[in-house]
Amino acid sequence: MTEPVLEVSGLQTHFFTRAGVAKAVDGVDFTLKRGEIMGLVGESGSGKSITGFSLIGLVDPPGRIVGGSIRFKGEELVGKSEETWRQLRGARIAMIFQDPMMTLNPVLRIDTQMIEAIRAHRKVSDREARARCVEALGKVGIPSPHERLTAYPHQFSGGMRQRVAIAIALLHDPDLIIADEPTTALDVTIQAQILHEMKKLARETGTALIWITHDLAVVAGLADQVSVMYGGRIVEQGTTATIVERPRHPYTRGLIDSVPSHNARGVPLRQIRGMAPSLLDMPEGCPFRPRCPNASARCREEPENREIAPGHRLRCFHAVEPEPAVR
């Protein structure tokens, strides 16, 4: 049996502020295999991005990992030195940010930035490095990659800049890529192209991919498995087909039902009432309880993360009926 690329168990990342402790990630568990794509879905403030930053060692004070385990190819990463994290980042674990300008320096040419990224982890000649850059740009669909290497970031469109950021993440053929909503600001056509290319690259190279997004429709055609986050916890996880077609958690069901395209003309849009809770003042028991239409007194207790079917886990006392969701 192939060893998992990533095993996360009981991960807890808290921020210690003057107003109190914000439990941004509060007991997250999942496993990712080689070539597998996982969609990490939830509203803003649910803990998705902090989970991603925790996995690559980029949590800044006053935040820190206070519990749990991150095993990367069998190696425990929690508690590792900053030097170890520097060796891992970019080479074996890469991250694609929502804004490509967080990756690209606006005053340096693309070739300068990409060659520096290669030489940070490998001793190669300028010719070898340049050839690797051209290959990476070609993989993500940049036309005339030889010519575009000498351009500056401002000479690219938003979609092209994001492709360059993805190419930089692919330079070292990493075992794991964490993509933090990288297509949110792009138009639908460019988004579809990038999703297609990322899926193809994961299949061809065996790179495991975590795709962080608030949009279930995006991961429906991309991911192999989906984990739905709310209040710093994963409330439901399973295969993409299971989560999209037969969601059992009221929150997951609400996310799917609130997509406008699922409503017939003249039928009011179904919404999740209320707002996501503050991480500094979480409700007692189930964090979704104040917004849940199925909530009861029992929901003041902490629901367990239980397996309700093979590969389908749920953190809820009152699962909704498994009626097929509208595609």
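Which residues of H1 are buried? I looked these up before anything else. They are Lys-48, Thr-51, Gly-52, Phe-53, Ser-54 and Leu-55. I took buried as under 20% relative accessible area, with exposed over 50% and partly exposed in between (1.4 Å probe, protein chains only). Helices here are DSSP runs of H or I with at least four residues, strands are E runs of at least two, and both are numbered from the N terminus.

I noted the basis of the entries. This is a predicted model, where local features need pLDDT of at least 70 and side-chain atom pairs count only at pLDDT 80 or more, while totals for chains, interfaces and linings use all residues. Residues are numbered from 1 along each chain as its sequence is written, and side-chain values use heavy atoms, with hydrogens and water left out.

**H1.** Helix H1 spans residues 48–55 and is mostly covered, with six of its eight residues buried. I then checked what follows H1. It is Gly-57, with a positive phi near 70°.

**H10.** I turned to helix H10, residues 250–257. Eight of its eight residues are buried, so H10 is largely enclosed by the rest of the structure. The list runs Pro-250, Tyr-251, Thr-252, Arg-253, Gly-254, Leu-255, Ile-256 and Asp-257. I asked what covers them. The cover includes strands E3 (37–41), E9 (225–230) and E10 (233–239), plus helices H8 (216–220) and H9 (240–245). Contact means heavy atoms within 4.5 Å.

**H3 and H4.** I looked at helix H3 (residues 110–119) against helix H4 (residues 126–139). Their axes come within 9 Å and cross at roughly 110°. The axes are lines fitted to C-alpha atoms over the stretch in contact, and angles run from 0 to 180 degrees between N-to-C directions. H3 and H4 are therefore roughly perpendicular to each other (65 to 115 degrees). On the H3 side I found Asp-111, Met-114, Ile-115, Ile-118 and Arg-119, which meet H4 residues including Arg-130, Cys-133 and Leu-137. By class, the contact has seven nonpolar, no polar and five charged residues.

**Cysteines.** I searched for disulfides, meaning pairs of cysteine sulfur atoms within 2.5 Å. The count is zero. Cys-286 is in no disulfide, and the nearest cysteine sulfur, that of Cys-299, is 6.0 Å away. Cys-286 is buried, at 10% relative accessible area.

Terms used
Angles under 35 degrees count as roughly parallel, over 145 as roughly antiparallel, 65 to 115 as roughly perpendicular and the rest as oblique. Ala, Val, Leu, Ile, Met, Phe, Trp, Tyr, Cys and Pro count as nonpolar, Asp, Glu, Lys and Arg as charged, and the others, Gly among them, as polar.
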